[in-house]
Amino acid sequence: MFEQFTKGLSGSQVYLISSMIVFVVFFVVVTVVLIRLKKQHINHMGQLPLEDSTLLNPSKSLQS
Amino acid sequence: MQPEKFYYDNKIVRNFAIATIVWGIVGMLVGLLIAVQLYHPAANMGTQYTTFGRIRPLHTNAVIFAFVGNAIFMGVYYSLQRLLKTRMFSDVLSNIHFWGWQLIIVAAAITLPLGLTTSHEYAELEWPIDIAITLIWVVFGINMFGTIIKRRERHLYVAIWFYIATFVTIAVLHICNSIELPVSMWKSYMVYAGVQDALVQWWYGHNAVAFFLTTPYLGMMYYFLPKMANRPVYSYKLSILHFWALIFIYIWAGPHHLLYTTLPGWAQSLGVAFSVMLIAPSWGGMINGLLTLRGAWDKVRDDVVLKFMVVGLTAYGMATFEGPMLSLKQVNGFAHFTDWIIAHVHVGAMGWNGFLTFAILYWLIPRIYKTELFSKKLASFHFWIGTLGILFYVIPIYWAGFTQSFMLKEFTPEGILKYPNFLETTLRVIPMYIMRSVGGTLYLTGVITMAYNLFRTMKQGSLAANEAAQAMPLEPVVKEAHEHSWHRVLERRPIQFMVLALVVILIGSFVELMPTLTIKSNIPTIASVKPYTPLELQGRDLYIREGCLACHSQTVRPFRSETERYGEYSKAGEFVYDHPFLWGSERKGPDLAREGGMKSNQWHYYHLMDPRSVSQGSIMPNYDWLTSQTLDTSLTAAKINAMRKLGVPYPVGYEKRANADLDKQAKGIADDLAQNNVKVKSNKEIVAIIAYLQRLGVDIKANKTANNN
């Protein structure tokens with residue numbers, strides 16, 4: 001009864017394995033990028049929603 | 001350098017807010033109506049325009065694209081301007097976007113009750129409206145990217161990434177799932193057939209949840225929650241990880257809607273594996289949201305807006321825990337096609353989307369009207385009645401799902417089905433359906449209270465249509481020689497960001513879709529499966545028009561409880577001429593994949609005219625207009641031609657003879673009915689739909705007979 005499912009698997013495991021590898025590589029890359037981010041930049045980014053008020057401090061630099 | 005003065009456009013935000021409230025009430029009212037129809041068939045109101053099959057898509061479309069859609073645009077237009085410190089790119093585009101979207105909703109509200117539908121769930125709208133959606137979506141995109149380009153803040157906050165991912169992915173999903181061949185102004189056939197069509201549809205359906213109901217709301221959460229709690233998001237790093245992992249994984253998970261169907265096994269396994277992984281980024285997002293409130297929980301006690309946010313996030317956590325569980329094959333085998341799934345989606349829709357929307361409305365309307373909320377007490381009442389409404393909705397309907405599935409799978413010690421009549425299981429869950437509509441009424445009462453409260457708030461304040469703001473202009477980009485972080489650079493470059501997000505979602509899409517769409521051996525054909533006759537094809541289109549698939553599936557899973565009840569399990573080769581596939585996603589009534597030849601034409605006639613005359617207690621509406629309406633055969637030739645173009649092997653020139661064949665077959669059915677004391681003209685619609693029902697699953701039986709001989 002379940003033959004149709006098992007039959008579909010043969011020769012296609014490469015898809016399962018390669019997609020898993022793709023995901024792991026992706027995840028590692030994002031993690032490395034995250035670790036390399038500077039704390040000062042992270043703090044600046046986190047504050048962005050809070051500083052959208054209508055009048056900003058003109059002396060504040062926009063450069064992060 | 002001098003700060004620049006500019007004005008935020010609050011009017012467009014207000015317009016989308018009003019549309020959110022109005023369409024929310026409409027969509028939920030329709031939801032309540034269909035909930036009542038499930039235990040009180042007279043609530044179908046005796047007209048074809050208000051039957052369950054036709055207005056269930058109206059409910060889902062109204063809630064997803066009208067209520068949630070307008071709420072997304074409200075949130076995006078408010079937060080985008082402020083995060084980028086600029087006005088929207090173009091007021092004209094903003095207005096075209098707003099009015100275009102409302103017109104599309106009106107078009108949906110007219111065409112769906114008329115039965116003009118592609119039958120693809122959450123993509124039911126016919127091809128002219130699909131084109132309109134594409135155009136308006138592009139307008140939204142130009143307006144968003146235009147705003148990003150003229151920004152006064154160098155880096156794009158995480159909320160904006162979610163908006164960009166939403167824009168690009170919905171564009172891809174909508175276009176790929178709407179590839180259809182028009183037959184006439186309001187009729188088209190899906191290019192893919194059977195299992196291929198099913199895969200494309202559920203790749204779309206699942207990711208519509210991901211990229212319409214989830215990513216834009218996560219973006220709004222990352223903007224509005226810090227504003228409401230007046231503190232930055234708990235972990236910005238986690239939000240980056242959350243974003244990339246979520247958009248990467250979500251796109252693979254679609255096949256969990258097709259477990260135990262004829263989809264190739266490896267694709268099912270892939271869907272399950274990625275669905276289970278999905279819990280990590282989903283909970284990462286939820287935890288990031290809830291922990292943003294660390295040290296501010298005392299505020300939650302007093303602030304109704306934060307209460308809505310906390311319950312909304314909790315509902316998100318529950319739904320995204322349940323989703324991966326439901327994708328496990330064993331759980332799915334039990335839950336799929338039952339009300340469990342309805343409960344699951346309503347935790348998400350009412351809890352996550354609904355409550356986040358209400359929170360944002362309560363927070364935003366007083367701010368753009370420069371006043372206080374009219375009544376905090378009423379808002380608090382809304383919170384409690386809304387929460388109770390969710391509980392009264394989901395608990396009975398979970399119970400109904402469990403009950404029905406247990407009953408459908410139960411065997412007697414002798415090994416025969418304990419409840420061979422599907423209707424027995426339906427009648428058992430009617431009390432839960434009644435309870436569910438009570439829950440829905442409570443929830444809707446809350447929304448109407450909110451509408452009143454916000455209306456009074458608007459009345460007591462005055463809209464700051466153009467809110468003055470001031471920010472430093474962006475300095476020209478100086479090459480930063482020691483720019484270490486690649487991501488930091490990316491955050492300044494929206495177009496490259498969009499392309500990268502696009503690549504990320506396309507990886508999963510290609511691996512998942514391409515083999516099934518391109519490799520022929522994935523869909524073994526069956527020699528005895530033949531194209532539909534012209535009458536059956538017309539009957540099939542009536543089946544689509546009436547939305548029969550809202551309650552009746554057409555795929556038998558390989559479980560003993562199903563093969564005993566319905567017959568042989570479904571094979572991929574049976575559906576190769578099915579443009580579109582009609583497997584459905586819910587069984588309010590029995591599966592129809594093997595319906596052909598099981599009952600007489602006379603039974604079908606009486607059953608369609610008045611289901612209760614042959615099935616005591618049935619909850620199916622009457623379809624008596626099928627006997628008075630004449631079948632429109634003017635399109636038969638065009639339909640045959642279209643099908644041939646899509647690969648259905650009708651002989652060349654057959655379109656000219658098709659109507660003659662159609663008449664002949666119809667006359668045969670009418671004669672058979674006449675012999676059984678049913679007088680109906682052969683040109684009536686009911687004859688075509690009976691012809692179609694009698695064809696279902698017949699071919700494979702013919703195959704068996706041939707093999708046995």
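**Entry 1: a nonpolar patch**

I started at the surface of chain B, where Tyr234, Val276, Trp283, Ile287, Leu291, Phe321, Met325 and Leu328 of that chain form a nonpolar patch with about 620 Å² of accessible area together. I then looked up which elements of chain B give two or more residues to this patch, and found α9 (279-292) and α11 (304-327). The largest share, three residues, comes from α9(B). A reminder to myself: this is a predicted model.

Is B:Tyr234 exposed or only partly exposed? Its relative accessibility is 39%, so B:Tyr234 counts as partly exposed, since exposed would need over 50%.

I stayed in the loop between α6 and α7 of chain B, because B:Asn230 is found there too. B:Asn230 is not a glycine, yet I read a positive phi of about 55° for it. B:Asn230 has 56% relative accessibility, so I put it down as exposed.

**Entry 2: another positive phi**

Next on my list was B:Lys370, a non-glycine residue with a positive phi of about 50°. I located B:Lys370 in the loop between α13 (339-368) and α14 (376-408) of chain B.

**Entry 3: a cis peptide bond**

Which form does the peptide bond from B:His579 to B:Pro580 take? I found it to be cis, with omega near -10°. For the location, I noted that B:Pro580 lies in the loop between α19 (560-565) and α20 (601-609) of chain B.

Methods
Residues are numbered from 1 along each chain as its sequence is written. Chains are lettered from A and ligands numbered from 1 in the order in which they are written. This is a predicted model: local features need pLDDT of at least 70, side-chain atom pairs count only at pLDDT 80 or more; totals for chains, interfaces and linings use all residues. Side-chain values use heavy atoms; hydrogens and water are left out. Patches are made of residues with over 30% relative accessible area and no salt bridge: like charges are joined within 9 Å, nonpolar side chains (Val, Leu, Ile, Met, Phe, Trp, Tyr) within 5 Å. Accessible areas come from the Shrake-Rupley method with a 1.4 Å probe; for residues, only the protein chains shown count as cover. A salt bridge is a side-chain nitrogen of Lys or Arg within 4 Å of a carboxyl oxygen of Asp or Glu. Helices (H or I, at least four residues) and strands (E, at least two) are DSSP runs, numbered from the N terminus. Buried means under 20% relative accessible area, exposed over 50%, partly exposed in between (1.4 Å probe, protein chains only).
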